[in-house]
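Reader: I would like to learn how to read the features of a model like this one. Please take them one at a time.

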Amino acid sequence: MSSTVAGPERGLSRRAVEATVAAFLILLALLALWDSYGRGAGWDNGPENGFFPARVAWLFLGASVLVLVNSVRQPDQLLVTWKQLGLVARVLGPLVAFVAMIDHLGIYVSSAVFIVLFMVVVGASRWWSILLTAAIVPVVCFLIFETQFGVPLPKGPVEALLGY
Amino acid sequence: MEELQSLMGGFQVALSWHNVAFMVIGVLLGIVVGVLPGLGGPNGVAILLPLTFGMDPTSAIILLSSIYWGALFGGAITAVLFNIPGEAWSVATTFDGYPMAVKGRAGEALTAAFTASFIGAVSGVVLITFVAPLIAEFALRFGPAEFFAVFLLTFCSFIGMGKDNKAKIVIALCLGFLLAAVGLDTISGDLRMTFDVTELMRGFDFLVVVIGLFGVSEIMLSVEEGLQFKGSKAAIDLRVVLRTWASLPRYWATLVRSAVVGMWMGVTPGGAIAASFMGYGLAKRFSRNSANLGQGEIEGVLAPETAAHAAGTSALLPMLALGIPGSATAAVLLGGLMIWGLQPGPMLFVEQKDFVWGLIASMYLGNFAGLVIVLATVPLFAAIMRIPFSIVAPIILIVCAIGAYTVSNSTFDIWLMLVFGVVGYVFKKLDYPLAPLVLAIVLGDRAEDAIRSALIGSVGDLGVFFSNGLVSTLMVLSLVLLLWGPLSSLLASLRDGLGGSRTPRSAP
Amino acid sequence: MTPRLGIALTALLASASAAHAWEPTKAIEIVVPFSAGGASDQMARTIQGIIQKNGLVSQPIVIVNKPAAAGGEAMLDIKASPGDAHKLITTSSGIFMTPMTSKLPVTWKDFTPVAMLAQDAFGLWVNGASPHKTAGDFVTAAKSANPPLKVGGTGAKREDQLLSIAMEKTAGIKLSYIPHQGGGAASVQLAGKHLEATTNNPAEEFANWRSGSTRPLCVFSEKRMTYGDPVAGDQSWADIPTCREQGLDVSYQMLRGMFMPGKVTAEQQAFYVNLFKRVSETADWKEYLARNALVADFRAGEPFVEFLKADEKKHEALLSEAGFLVAK
């Protein structure tokens with residue numbers, strides 16, 4: 001977490017990220033081309049169903065290659081410092097855990113866990129405010145969606161135990 | 001003025017005390033429904049539909065349409081405060097609304113959005129009141145070629161502007177088109193680009209993509225600067241409303257232009273989504289301070305909101321007059337009409353005069369009630385920005401997840417939202433523009449369906465896009481708009497500061 | 001399949017208490033595999049209205065539209081919720097055709113059939129100002145038309161396109177079939193003269209027929225419809241001749257029914273059979289049938305399954321003839 005004292009801040013290079021993203025986009029374009037030509041991208045009394053996706057994918061491929069070439073030619077810059085990336089990870093980590101939990105625990109329990117996780121990781125909250133938020137938010141969500149508006153959300157073993 | 005008389009009759013019906021009560025209740029419920037992305041307009045109306053079965057049809061439609069107005073107003077709230085557009089037509093509102101909130105001007109942005117919605121909606125209602133039959137006829141002139149021309153016009157009014165890297169604009173547009181193409185192709189009845197993955201079959205729902213691209217990625221961006229929200233110093237008193245209103249007359253050109261574009265797009269079945277993008281695109285092109293648009297200009301909030309609501313309201317006309325629902329909410333209302341024993345369609349205006357005019361009167365009153373109520377809540381919503389980040393951020397993310405899930409009851413969509421959140425973060429860091437991507441996702445497959453339907457009908461003859469006055473005009477306008485940027489800079493350099501600003505007319 | 005149905009039927013017939021042994025405990029979700037505003041959607045919403053107006057169920061009914069992949073998404077959704085007795089799906093012939101024309105791993109045998117509520121007719125519709133008076137006129141015009149006449153319908157590789165192909169084969173003509181998102185959209189395109197004809201269901205053209213924007217030439221059924229009340233001017237549904245009468249020998253009708261997910265109990269199935277039986281007996285339902293010119297045909301249990309088996313064979317033959325069948 002400590003930033004370097006001397007010299008410029010260190011982090012991810014823009015060139016590296018730009019090139020990686022462009023390479024990934026090129027891959028997507030090739031995938032789309034493969035699929036479109038597989039289904040037929042010609043003109044048969046009007047365009048076939050791969051006609052437009054194929055044309056769009058060629059354009060997409062061209063632009064992506066251009067971006068890739070440019071990224072290598074341009075002088076490198078700092079895109080994001082390790083410190084910033086660390087902060088982002090502290091939000092993203094709990095979020096990924098939250099989404100992974102939904103399938104098993106249902107959205108309400110996961111939300112409570114997520115709030116605790118998030119607030120602890122981010123810090124700057126007293127323990128009672130953490131517990132209070134973690135308790136109130138899922139209950140309010142439940143009351144609004146499940147009981148008032150009848151919108152079914154994913155539920156897990158705990159809700160089943162309570163008879164929902 | 002037969003219309004005025006009928007309208008007065010309508011007001012008498014709508015102004016009975018219990019109808020006014022229904023209106024207020026409806027608007028309040030609608031705001032709640034609009035703020036929570038998991039519910040949304042169509043869901044909210046559908047859920048409350050059963051309540052109205054015992055009521056007389058006029059009261060019932062007043063209640064339900066007020067929910068609709070409330071939801072429309074409510075949709076702007078999350079767009080401005082958290083960069084999360086609850087509905088497709090709120091996307092363009094985020095472009096300037098959210099930057100305003102970040103600068104601590106959330107109250108102004110909300111006031112502008114609400115007022116613009118009101119102006120747009122009322123323009124739409126005026127249109128319905130006085131020229132309904134003419135317009136219904138006009139809507140019938142739109143075949144597939146004309147549909148395509150309208151979509152092309154939307155793209156052209158929006159693209160080709162801005163200082164973004166050209167290659168990246170192209171990438172964003174193409175990616176949007178390709179994402180829109182995933183799933184079932186209406187014209188051939190085949191699945192495209194699903195690679196036999198069941199979840200991809202339903203394609204990428206716009207709402208899931210947008211919640212990720214805009215909402216989730218925005219939270220990731222804002223934590224880079226430290227774990228807090230920007231813009232926490234939003235003014236939270238009602239004076240901000242008056243101050244904002246005082247500045248509005250300056251933007252009359254934008255308001256009029258957007259209202260006209262909106263009404264036109266609502267009637268020609270281009271719809272509110274296309275209208276909001278076109279309204280914003282035209283403002284960006286023709287506004288005097290267009291360079292600042294996108295960085296938190298009030299004009300950038302006024303333009304799309306006015307256009308979207310003018311279109312959304314005018315679009316109720318085809319629903320009533322032709323029986324085609326212009327939106328999901330309109331479709332649910334349509335179901336309601338039939339359950340109450342009313343058959344929408346051309347005969348409704350003839351056979352159910354009381355009902356139709358009561359509804360039209362309630363559009364005026366419901367929007368007015370809505371405006372008063374939402375304005376009163378501006379301080380409340382601006383105050384949300386003051387709640388500590390560590391509490392609000394997880395709540396926003398949870399609400400995002402719920403919203404993504406409810407689109408098609410699938411947890412896969414929550415993962416998708418997460419992926420698009422990361423994509424949005426990376427794209428914003430690398431200066432890929434997100435707006436063209438979203439526009440292409442929303443309108444891409446509809447534009448493709450239209451062009452292919454037109455070509456099937458003409459057996460591949462491209463002349464169909466210039467076969468009559470209407471479609472030719474639209475196509476030429478599109479090309480003019482596409483070339484407007486290069487052309488106007490050329491003209492400017494020719495005239496070399498001789499001055500003379502023209503305000504170009506939007507489409508007739 | 002059959003034993004479970006047998007049990008359900010005996011449970012239903014044997015005792016009322018058995019039929020009431022199971023009650024829904026939360027909102028019932030009716031999944032509509034087509035978009036809002038279409039014929040399937042209208043039927044679901046009418047049923048919703050009837051059930052709630054008459055208090056037939058204590059729990060609310062929620063309509064969920066899942067139009068993706070020609071209803072394939074909805075079918076997979078039902079397949080993925082075995083044993084969920086709070087879910088229903090409205091069905092049309094799509095229940096055979098969507099799996100047959102795609103690689104989707106689903107068939108109606110994954111579901112529990114509840115009841116067939118009606119059959120839907122198809123008509124050949126033209127613009128109100130069209131010169132064609134009979135199906136014969138239309139065929140004559142189609143023979144000399146270049147480019148081919150444009151015929152609109154819902155979706156591709158589905159009933160409307162099959163009808164268009166059947167017309168081409170029977171009459172030896174060439175048509176341009178143009179798929180739309182729904183029958184309503186096709187009807188508006190016809191009213192705007194962007195199409196020469198549609199093969200819409202009566203419900204989809206009803207409003208435009210009444211206003212004179214569109215007009216039926218004939219109906220693709222074995223015999224004429226029975227509703228004699230005037231609809232448009234002095235014309236009634238029963239006045240529309242069959243296409244066969246007019247020398248265009250094509251006939252096709254489509255089932256409209258309700259299914260549940262697989263693996264539900266016999267009591268749960270019996271509850272819904274009983275529910276829809278009661279719905280089908282209400283005056284509102286009869287009025288709905290008349291308004292949409294649906295052919296009243298309530299079937300549950302064994303007769304429904306028999307019908308499904310025969311109908312599946314018929315569609316398999318039709319699709320294979322049109323070259324739409326996908327090898328799995």
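Author: What follows goes from whole chains to sheet, core, helix packing and single residues.

Author: This is a predicted model, in which local features need pLDDT of at least 70 and side-chain atom pairs count only at pLDDT 80 or more, while totals for chains, interfaces and linings use all residues. Residues are numbered from 1 along each chain as its sequence is written, chains are lettered from A and ligands numbered from 1 in the order in which they are written, and side-chain values use heavy atoms, with hydrogens and water left out.

Reader: How many helices and strands does chain A have?

Author: Helices (H or I, at least four residues) and strands (E, at least two) are DSSP runs, numbered from the N terminus. By that rule chain A has five helices and two strands, in the sequence pattern β-α-α-β-α-α-α. Chain B has 22 helices and two strands.

Reader: What share of the residues in chain A and in chain B is buried?

Author: Buried means under 20% relative accessible area, exposed over 50%, and partly exposed in between, with a 1.4 Å probe and protein chains only. In chain A, 43% of the 164 residues are buried; in chain B, 67% of the 508 residues are. A contact means heavy atoms within 4.5 Å. Taking contacts between residues at least 6 apart in sequence, those joining residues at least 24 apart come to 60% in chain A and 79% in chain B.

Reader: What is the strand order of the open sheet in chain C?

Author: Two strands pair if DSSP finds at least two bridges between them. The open sheet has six strands in the order S2-S1-S3-S12-S4-S13, with mixed pairing. Strand S2 (61-65) and strand S13 (295-300) of chain C are its edges, each pairing on one side only. Axes are lines fitted to C-alpha atoms, for helices over the stretch in contact, and angles run from 0 to 180 degrees between N-to-C directions. With direction ignored, neighbouring strands of this sheet are turned by 20° against each other on average.

Inside the sheet, strands S3 (residues 87-91) and S12 (residues 254-261) of chain C run antiparallel and are joined by three bridges. C:Thr90 has C:Met258 in S12(C) as its bridge partner.

Reader: Which residues have the most contacts inside the largest nonpolar core?

Author: In soluble globular proteins, nonpolar side chains tend to be buried together. A nonpolar core is a set of buried Ala, Val, Leu, Ile, Met, Phe, Trp, Tyr and Cys residues joined through side-chain atoms within 4.5 Å. The largest one here has 215 residues, and those with the most contacts inside it include A:Phe98, B:Phe114 and B:Phe465. Helix H4 (residues 57-82) of chain B gives the most to this core, with 15 residues. Beyond its neighbours up to four places away in sequence, B:Phe465 touches residues including B:Phe148, B:Leu455 and B:Met475. Another core, apart from that one, has 51 residues, among them C:Trp22 and C:Tyr272.

Reader: At what angle do helices H7 and H12 of chain B cross?

Author: Two packed helices are described by the angle between their axes and the distance between the axes. The axes of H7 (residues 144-158) and H12 (residues 271-286) of chain B come within 8 Å and cross at roughly 35°. Residues of H7(B) including B:Leu153 and B:Phe158 meet residues of H12(B) including B:Phe277 and B:Leu282.

B:Ser276 also lies in helix H12 of chain B. B:Ser276 is buried, at a relative accessible area of 0%. Leaving out residues up to four places away in sequence, B:Ser276 touches B:Trp89, B:Ala92, B:Pro304, B:Ala307 and B:Ala308.

Reader: Which peptide bond is cis, and which residues other than glycine have a positive phi?

Author: Most residues other than glycine have a negative phi, and most peptide bonds are trans. C:Asn146 and C:Pro147 are joined by a cis peptide bond, with omega about -5°. C:Pro147 is in the loop between helix H6 (135-144) and S6 of chain C. B:Asn83 has a positive phi of about 65° and sits in the loop between H4 and helix H5 (91-102) of chain B. Phi of C:Lys193 is near 60°.
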